[in-house]
Structure formats: structure tokens, C-alpha cells
Protein chains: 2
Amino acid sequence: MRTVDLIQRKRNGEELSPEEIRWLVEAYTRGEIPDYQMASFLMAVYFQNMTDHEVGAMVEAMIESGERVDLSSIPGPKIDKHSTGGVGDKTSLIAAPLAAAAGVKVPMVSGRALGHTGGTLDKLESIPGLRTNLTMDEFRDVLSRVGFAVIGQSESVTPADGKLYALRDSTATVESTALIAASIMSKKLAMGLDGLVLDVKVGSGAFMKRQVDARRLAQMMVTIGRRNDLRVQALITDMNQPLGRAIGNAMEIMEASQTLLNSGPEDLTRLSLELAARMIFLGRVTETLDDARLMAQNLLLEQAGYRKLKEMVAAQGGDPQVLDRFELLPNAPMAYEIYSPRAGYVAAIDAEEIGRASAMLGAGRDRKEDTVDPAVGVLLEAKVGARVDEGDLLCRIHYSDEQRLEEAVERIEDAFRISTTEPEARELILEVVG
Amino acid sequence: MRTVDLIQRKRNGEELSPEEIRWLVEAYTRGEIPDYQMASFLMAVYFQNMTDHEVGAMVEAMIESGERVDLSSIPGPKIDKHSTGGVGDKTSLIAAPLAAAAGVKVPMVSGRALGHTGGTLDKLESIPGLRTNLTMDEFRDVLSRVGFAVIGQSESVTPADGKLYALRDSTATVESTALIAASIMSKKLAMGLDGLVLDVKVGSGAFMKRQVDARRLAQMMVTIGRRNDLRVQALITDMNQPLGRAIGNAMEIMEASQTLLNSGPEDLTRLSLELAARMIFLGRVTETLDDARLMAQNLLLEQAGYRKLKEMVAAQGGDPQVLDRFELLPNAPMAYEIYSPRAGYVAAIDAEEIGRASAMLGAGRDRKEDTVDPAVGVLLEAKVGARVDEGDLLCRIHYSDEQRLEEAVERIEDAFRISTTEPEARELILEVVG
């Protein structure tokens, strides 16, 4: 098999056989195919996409490249929740504790902030003492005792994905439906889950800008899951404006905490409850989805998810007090306020621009090696649809470095669109797939 | 400037600025951009193409990456001829000596066989003693004395092209109009030519399978030439069946010799004369193209091109006697004949299949490192349009390795299509651009 022939056939829009796809992934992981050939293959995939069969073979090869995690000794349904990445998206920190409180086990493998999107690991690590680099035994222990544990991707699980992702990141081949689906699903399948709730973001702050692409990604992942006996449901949700009000690591921990105390923003609360309900339903704790919704709602009112998150924080070495006493979390030394230049309605808050501004302040990273500043971020004081007068506060920027402020302010000012007419209400949950 | 951003913008179909393109080529040549990023950029270019401005900037950067050859001390117009690559295409060895006999100086930089296409350097090197690795001083000397000299690409001229071509070859990004145009024109412009006649091949045996693509390539090269004060004309010519009857290195030297003695195949003779005429015309030896055609025709009848080729062979260290006494050239020890399975007309002879079969026999190479067998090849005894009876000879395969024969025979048998109806006559010279 000549690598260049396989690249050429993919480039020409042909379907490769499962054996050919597997060989590519295996030989690349072993270092027998150089990065430059894989890079051109990935770009060809970006343009020509892959069939379900090809993605299936890729997922299989990526799983086989490493260890499978065995969680069968831990009783209860193992259900994870995964978002394709957004701005201000802290639903994992709300839905997972609620589901765990309902008796579901949530073995969550999370990622870090990249580009304009945030990452659950960075958010959690803003809690003093909290570790996400648990050993597999520690992870199993927390999961077993608390019902909810979070770690980063292990190098021994799907190492092929790790290697491919790093290459995609530096070759502008991240935004491929097939490659995103293969990357997510290989990691999830290697964890030995029973079910998975996917939150596929669509809009300016998401990888997928168009709903038709988000739907394809969702369908692809649901299909892969089904073929591997994994129960999967995908929500397609709006990411044109940031979710909730807080964007920034420690600030998002605070907002998650408030939301679990039922005093969070309406959009964030609603989406988190729906995700929790679907986790509970896929875990077969209830017979119907409506029963699961009722259960999630009750657990929220009882603050059971809030207590579960505290338990998890403590179990992973963090200080659980931070969830009550926000002054124990990193707080930025300076704040800058942005006011509405005129009266009208907030017609749009470009999520990508807000995400980029927040990353500029230090909350995110351009490159994997960068470190993040847990304290900085943006707090929205008005969301889309709000009526504002000239001079009303639109948002607060929490920053620690004067030099990084100016460009961030510009971006944030550009992100807000104030219009004289009231914008049409947008749906938050656009579609369900699976 | 972040490389990944430039890749992404090209991927998204945006035009990069001349500065950005130049920076990419320069940084890659200096080794500051890794192969894997350039590979994904090249695949993005394959799909999104480049504008004339982008190609222009790329050509400039590629020229600036090395030395410019100065031929100004040699009197006379410097005109080269370049083919985009075909099967059985030995026109360089006929047109260039004819043009040189007319007083044009032909400083020819040639390539080697690759894939199913042949290369002038390999053909010439089948002549015992002939060297193509001349020093620049030797090259100038032969050019000055004989009027026609051939060398391979020097590493000091357009090194960026050398590095990019090697990468394209292993990443399935050779067949890009923009990249082909940039590669050819940077090399030609660095030679300090006055004029260039391009033979853009189209059809099964060419890189360009469709005339519309060949036309775009021709237009792109003509535009680049014009912008750099180079007189350029491009012919678009048919490469659906091999040109002439001989495919294989030494066998093509014999056929070129016969053609220069005016006893060659009609198609090869006609195209070579037209190319020679345009070289003469671009060299301003005559005032009109028709005068140039007449001159080329007369030089052929006078055997002036034949004598010029002999001079060039001798000047480059080869044995000029081989052009009369073919037994002095490498001859394959064995021959295998293929007969028509039925009566009818030869409707098609797939040039790519014949080229691949010939390469399999040892006449070509899959990889740059492979060596070629100068003796082997295919001799067509019937061309498209010929009336054949069952059992008539279609072609002879000259081979030296029994093990390589079988697959080649299959391919060649498949390449011939015998039909009961006479095929429509095809034009050889399809179009002129410039």
C-alpha cells in the first residue's frame, strides 16, 4: 500500500476501504507515515469528507491504538456528556453533578481551552488544590464514591487521536466533520460508556457555523455510537451568543455554582437541565424522558447537584468552600466596563469575538503550550434581546494585564450589536438527533 | 504571521497577499515552516487554486530562493521549449536541434521520467557517454558552440521549487494548475530566457485530463511569462494516445533520429515542426510564423537538425554514431508481440496505460531514487485509426526481465481498444494560447 496513492484517491473523492483507513492510522501512529503525508491526507479529508464506513474504520483504529478503560467493576450506568465547544459553556459542571445525583455514573474526560473556546479542565483547575491529572485508579475511586469524576485525556487511551489532533491543530484541519466525529467518538468509546449525550454547538462561537453542518456531525456521531452499542443522543444548540453571563475560568465556576443553587441565568439553567435529563434517561434511571426532566428539575431545587459538585471538588483535592465563598477563587485585580453607545435592543453578541477577547485577556490559549490566567474574563450584563439605554452597562471585563486590555475592549465593543428594533427570539435548543 | 492562519485562509478560498505568499515560500525554504504545514497548504491550494497574483508572487519567491543564470554573454535569442509531460513525447530532441540549426540558442533544462511520463534526461542518458550533469561553464560552452545544450535542474537554481516538488510528489499535490505553473515558470524565468514555447498536453496520458484545465494552465503560464517580459506561446496538444510509435528511452532516441531524417511518424513530425517553428518565430529569426514554418520544414529536409543533434551529443560526451547505428544503443534482449484479438479499427490506445506499462518494464520510475533501464519499452505497430485484421501485430514489447512482463502485457492489451467502426479523426494540435 503506497500512502501517496491513498492520499490521491481520497483527494479525488474516492472511498477508501476499512483496511486502508486502518492501515493509515496504524502506520501513522507507529511513525511509519510521516507527518507531511498525513497532513495532506487530512486536508483532502477536509475537502472530500469521509463516508460513515470510513469514519467507522478510523474510530476503530484510533481505539485500537491504545488501552480501553474498563469501568465494569463500578456499578451503575456510565453516561458522559460532551460539548463540541463553545463560549461560556459550563453546562458540564451543572448537568453532570445533577445526573450523578440521580444515580448515574459520569466518567468525564475533558479538554482544555483552545482558540476562542473554553475547556472544562481549565475551569476546574481554577479551584485551588483541584487536580485533573488523576491516575486511573484515583479516577475510578472518585467515580465510584461520588458518581462524577473529571480527568484529561490519558496518553495511553487513543494515542492515535492525540497525535492526529496535534497535527490537525497546526495544519488548519480541525474543522472537518468527519475528523471531529472520529476524534470525539474514539475517545468516548474507549472509555467503556453505556451512553453519551452530545451537545453540538452551532453559530458564530462554534466550530460549526451552519446548522446543516452541525446536523451532519451529530448524525455521524450518533451513527458511530449505534454501531458500537453506545446509546447516543445529540442536541444541536445555539452558540451565536455566549451561554450564560460568565466567560472566563474561575468566573464560570462561580456561575455554575450559582446555577446549581437555581439562581443562574435562564439559558444556562434550561440547557443544563435538558442535558442532565437526557443523561438520566440514557442511564435508564427513569422510563421516560419527561420523568427524567422532572427528576433533574427536582434535584436542582433540592440543591442535590450543588452538593454533588462540592463532593467531586473535594474528592479531586480542591477546596469545596470556593463554591460558597467566591473570594477564595482567583479574582482579577482590575475591571473595565463597557457601556451601550445608544438606546435600543441588544441584537447580537458575537460569541466568537467574545471568546477571542477573553482568550486575549489570558483566559484561553492560542497554542497548547500556553498557560491560562484563571481569574480573567468577561461578565455580560445584558444578553441578546435586552432593552438598553444609552450609557447602560453591557459588560464588565476582568483583567490583570493593562497591555492585553485594549485589543480585547475593541473586540468586545465590536461583538455587541445594538439595534433600534427588537430582535426575533432565537431558539436555544434547535434540534435533537438520535 | 502564523502559518496555520495562512493555511486556513487558503483553505477557506481567500486570496493571500503577495507578501504572505512570499513569506510562506521563503520561510519554508529556510526550514522555518515544517513539511507538514506546507503539505496541508499545498493540498488546500489543490482544492482552492491560486489567483494570478498569488502564482506571480510564488514564482518570484521561488526565483529569489536561488541564483539567476546569466546567458547574456552568449549571442543570439535564448529560446526554450517545455512539455508538461507525456508518453512517447520526444519532441524536444527534434524541435530543439531544428531551432538551433536556425540560429536560435536553446538552453534546455530538462527533467526525468516520473510516474507514467518520460523525461528527456533519461532518454539522452541512454546514449553511451552522454552527460547531462554539466557544470554551468560546460553548459554555456556547449550552448555557445552548438546552439543546443541540455542539463538537469541545478540545485542552486530555484531550490525552493526543488524542495516543494519533492514534497508535492509524496503528498499527491502534483496535479495542481497553479503549482505546476509556478514550478515550470520559476525554473524557466531563472534561466534568463528570451522566449519559451510550451507544449501543454491534455488527455489520458497527461497530467491534465480535460482541455479546460489544460487551457487554464496554459493561460496561467503565458500570463506569468508576460508579466516577466518573457515571450511565451503555448500549444495545447492531444495526449490520449502516445506520440509517435516508440515509448522507452533508447527507443525514443532512435525514433527522434529517424524523425530528424524525415522518416519518422507523421504525428511526431508534424508537432515537432510546429514547435520548432514557434521557437524560431519567438527567437525573431523570421518575421512571420509562416516563414518560420517554412524554415523548419527546409531544415528538416536538409537534415540540419539531425546534424545539430549529433553535434550536441558529441559536445556532451556522447557517442554521435548511435544516431546512425542503433545497435550501439542499449537494446533489450527479448521481445513480446501483441496481436489484435479481432478485425476492426484501433479506436484508442490509452497513453497512461502504455506509459505505466513501460514504466513497469523499467523504462520509468515510481520514485525519484529508482534507476531506469534504457533499453526497454514499447513499439506501437498500429496507431489510432489503423484498420487491423485478427492476428495483426499491434505492438512489440522490448523487455529484459521476465517477471515484469506479465503485468505490462495485461495493461497494454487493455490499452488497445479495437472497434468495428472507424474512429473519428482527432486533432493533434488543439489550441494555441498566447
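A salt bridge here is a side-chain nitrogen of Lys or Arg within 4 Å of a carboxyl oxygen of Asp or Glu. Keep that cut-off handy; the model you're working with is predicted.

**Exercise 1.** Take Arg11(B) and Glu175(A): what do they form, and how far apart are the closest N and O atoms?

*Solution.* Start with the distance: the closest N and O atoms of Arg11(B) and Glu175(A) are 2.8 Å apart. The cut-off is 4 Å, so the pair counts as a salt bridge. Now tally the interface: chain B and chain A share 2 salt bridges. Polar contacts across it come to 10 residue pairs.

**Exercise 2.** Work out how much area is buried between chain B and chain A, and what chain B puts into the contact.

*Solution.* First, the area: about 2,100 Å² is buried, with carbon and sulfur atoms giving 61%. On the chain B side, Arg11(B), Tyr36(B) and Phe47(B) lose the most, together 31% of what that side buries. Next, the head count: each chain brings residues to the contact, 25 from chain B and 25 from chain A.

**Exercise 3.** Which strands of the open sheet in chain A stand at the edges?

*Solution.* Write down the order of the 4 strands: 1-4-5-13, with mixed pairing. Strand 1 (79-83) and strand 13 (429-433) of chain A have a single partner strand each, so they stand at the edges, with one side lacking a neighbour in the sheet. Now zoom in on one pairing: strand 1 and strand 4 (residues 195-202) of chain A run parallel, joined by 5 bridges. Lys81(A), for instance, sits opposite Val197(A) in strand 4 of chain A.

How values were computed:
Residues numbered from 1 in each chain as written. Chains lettered and ligands numbered in written order. Predicted model: local features only at pLDDT ≥ 70, side-chain atom pairs only at ≥ 80, totals over all residues. Heavy atoms only, no water. Contact = heavy atoms within 4.5 Å. Buried area = accessible area lost by both parts, 1.4 Å probe. Polar contact = N/O pair within 3.5 Å; in protein donor to acceptor, adjacent residues only side chain to side chain. Pairing = 2+ DSSP bridges. Helix = DSSP H or I, 4+ residues; strand = E, 2+ residues; numbered from the N terminus.
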